[in-house]
Amino acid sequence: MLDYEEQGFEKIYPINIIIGKNNSGKSSLIDLVDFLLNPNEEFMLTGRKDLKTEVILSDVIKEEYIASVFSRTTSGGGVPGANFYEYGVRFLNSGIKYSLDSKSKKIITY
């Protein structure tokens, strides 16, 4: 069984330079970007070189994310608290992980 090291970026910029040894995952990264822009079932079922595919995106929830999703002026609709923003603030600095595996299951954890 082959053992693969997880790869990733702390931040993606408008222009990125990817440097690595042969067979270190540079082409897989490009394929992943293409998949994220143009999702297709074949990529998830076969991945690269018929290896199991799992896409993981993770981040820490920041105030600007909360402000862009939870309105400061809206309340009600089953969301507890005075307004949606106050509800969203409870997730501030929490980790979030989005995982898409070869069976196309979407998992969100906090």
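Start by selecting Asp59 and Lys62 and showing their side chains: the two meet in a salt bridge, with 3.4 Å from N to O. Keep in mind as you look around that this is a predicted model.

Why can these two pair up at all? Side chains of opposite charge can pair when their charged atoms come close.

Asp59 has a relative accessibility of 34%, so it counts as partly exposed. Lys62 comes in at 32%, so it is partly exposed as well.

**Stay on Asp59**

Colour by secondary structure next. Which strand holds Asp59? You'll find Asp59 in strand 1, which covers residues 54–60.

Keep Asp59 selected and bring up Tyr65. Here the two side chains are joined by a polar contact of 2.7 Å. The pair you began with, Asp59 and Lys62, also shows up as a polar contact between side chains, at 3.4 Å.

Who else touches Asp59, if you skip its neighbours within four places in sequence? Select Tyr65, Ser94, Gly95 and Ile96: Asp59 is in contact with each of these.

**On to Glu63**

Glu63 has a relative accessible area of 31%, so it is partly exposed.

**Zoom out**

Go back to the cartoon view of the protein chain. There are 4 helices and 3 strands to spot. Trace them from the N terminus and the order is α-α-β-α-α-β-β.

Then put the surface back on. The protein chain exposes about 9200 Å², and carbon and sulfur atoms supply 54% of that. Of its 110 residues, 16% count as buried.

Last, show the contacts in the protein chain between residues at least 6 apart in sequence: 40% of them join residues at least 24 apart.

How values were computed
Residues numbered from 1 in each chain as written. Predicted model: local features only at pLDDT ≥ 70, side-chain atom pairs only at ≥ 80, totals over all residues. Heavy atoms only, no water. Salt bridge = Lys/Arg side-chain N within 4 Å of Asp/Glu carboxyl O. Buried < 20%, exposed > 50% of the residue type's maximum accessible area, 1.4 Å probe, protein only. Helix = DSSP H or I, 4+ residues; strand = E, 2+ residues; numbered from the N terminus. Contact = heavy atoms within 4.5 Å. Polar contact = N/O pair within 3.5 Å; in protein donor to acceptor, adjacent residues only side chain to side chain. Areas by Shrake-Rupley, 256 points an atom, 1.4 Å probe, with all protein chains shown as cover.
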